[in-house]
Amino acid sequence: MDQIDILSGIKPGSELYRIRRERPDYVEGTELCRQTVLAPSHGFDIGPAMRAALAARMARLIGRNDLARTYGLMLEETGSDETLAAIASAAEFPANAGIFTQALVRHADLVTKTPRNNTKADIEHLEAAGLSNPQIIALSELIAFVNFEARVIIGLEALELVA
């Protein structure tokens with residue numbers, strides 16, 4: 001059982017469980033991707049705690065509080081603080097957070113809530129806040145993964161209801 005099985009409500013031995021395992025590369029690849037985007041060997045100065053806080057925030061924005069709790073536990077394990085807890089809660093963001101952190105949160109919110117509104121100017125905003133190209137790519141990978149994961153869970157839940 002992986003996180004997607006658990007949060008989708010898929011039971012071991014069910015038809016959906018079996019169908020997912022017909023593509024083991026997909027199941028294993030998703031778990032490897034989770035590890036890579038949340039706790040990479042080179043974090044490009046975006047640490048695991050920040051990544052977990054951003055993931056929890058995005059999950060809340062999508063409406064997946066169960067997924068947000070999972071990332072919240074990860075945040076607790078990696079070391080939270082007031083700023084990270086505020087980010088994870090998806091509440092108003094502390095005004096005293098640095099421009100770098102504000103840019104990370106702004107971009108995660110933008111792409112999660114209104115992805116088609118993301119423009120070149122938004123990437124330039126990240127650069128102006130001090131993010132390097134590898135950091136922008138790392139942030140984009142995290143945003144893509146959390147949004148992908150949430151949508152897969154939603155889709156599998158829907159299939160489980162009709163199975």
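This is a short tour of the structure above, one selection at a time.

**Before you start**

The model is predicted, so local features are described only where pLDDT is at least 70 and side-chain atom pairs count only at pLDDT 80 or more, while totals for chains, interfaces and linings use all residues. Residues are numbered from 1 along each chain as its sequence is written, and side-chain values use heavy atoms, with hydrogens and water left out. Helices here are DSSP runs (H or I, at least four residues), numbered from the N terminus.

**Stop 1: the nonpolar core**

Begin by selecting Leu 54, Tyr 71, Ile 87 and Leu 131. In the largest nonpolar core, which has 45 residues, these four touch the most other members. A nonpolar core is a set of buried Ala, Val, Leu, Ile, Met, Phe, Trp, Tyr and Cys residues joined through side-chain atoms within 4.5 Å. Buried stands for under 20% relative accessible area, exposed for over 50%, and partly exposed for what is in between (1.4 Å probe, protein chains only).

Now colour the helices that supply at least two residues each to this core: helix 1 (3-8), helix 2 (15-21), helix 3, helix 4, helix 5 (65-78), helix 6, helix 7 and helix 9 (133-162).

Stay on Leu 54 for a moment. Which residues does Leu 54 touch, not counting those up to four places away in sequence? They are Ile 87, Leu 104, Val 105, Ala 108, Leu 139 and Leu 142. Contact means heavy atoms within 4.5 Å.

**Stop 2**

Two packed helices are described by the angle between their axes and the distance between the axes. The axes are lines fitted to C-alpha atoms, for helices over the stretch in contact, and angles run from 0 to 180 degrees between N-to-C directions.

Select helix 4 (48-62) and helix 6 (82-89). Their axes are 6 Å apart and the packing angle is about 25°, so helix 4 and helix 6 are roughly parallel. Angles under 35 degrees count as roughly parallel, over 145 as roughly antiparallel, 65 to 115 as roughly perpendicular and the rest as oblique. On the helix 4 side, show Ala 49, Met 50, Ala 53, Leu 54, Ala 56, Arg 57 and Arg 60; on the helix 6 side, Leu 84, Ala 86, Ile 87, Ala 88 and Ser 89. By class, this contact of helix 4 with helix 6 has 9 nonpolar, 1 polar and 2 charged residues. Ala, Val, Leu, Ile, Met, Phe, Trp, Tyr, Cys and Pro count as nonpolar, Asp, Glu, Lys and Arg as charged, and the others, Gly among them, as polar.

Next, pick out Arg 57 in helix 4. Is Arg 57 buried or exposed? Its relative accessibility is 5%, so Arg 57 counts as buried. Beyond its neighbours within four places in sequence, Arg 57 is in contact with Ala 86, Ile 87, Ala 88, Ala 90, Ala 91, Val 105 and Asp 109.

**Stop 3: two positive phi values**

Most residues other than glycine have a negative phi. Ala 90, in the loop between helix 6 and helix 7, has a positive phi near 65°. Ala 90 is partly exposed because its relative accessibility is 26%.

Move on to Phe 44, in the loop between helix 3 (24-38) and helix 4. Phe 44 also has a positive phi, near 55°, and is partly exposed at 31% relative accessibility.

From Phe 44, step across to Gln 135, which touches Phe 44 as well as Asp 45, Ile 46, Phe 100 and Gly 130, leaving out residues up to four places away in sequence. Gln 135 lies in helix 9 and is buried, with a relative accessible area of 8%.

**Stop 4: helix 3 across helix 9**

The axes of helix 3 and helix 9 come within 10 Å and cross at roughly 140°, which makes helix 3 oblique to helix 9. Show Tyr 26, Thr 30, Cys 33, Arg 34, Val 37 and Leu 38 of helix 3, which meet Glu 141, Leu 142, Phe 145, Phe 148, Glu 149 and Val 152 of helix 9. This contact of helix 3 with helix 9 has 8 nonpolar, 1 polar and 3 charged residues.

**Stop 5: helix 7 and helix 8**

Finish with helix 7 (residues 99-113) and helix 8 (residues 120-128), whose axes come within 9 Å and cross at roughly 160°. The two are therefore roughly antiparallel. Ala 103, Arg 106, His 107 and Leu 110 of helix 7 make the contact with Asp 122, Ile 123, His 125 and Leu 126 of helix 8.
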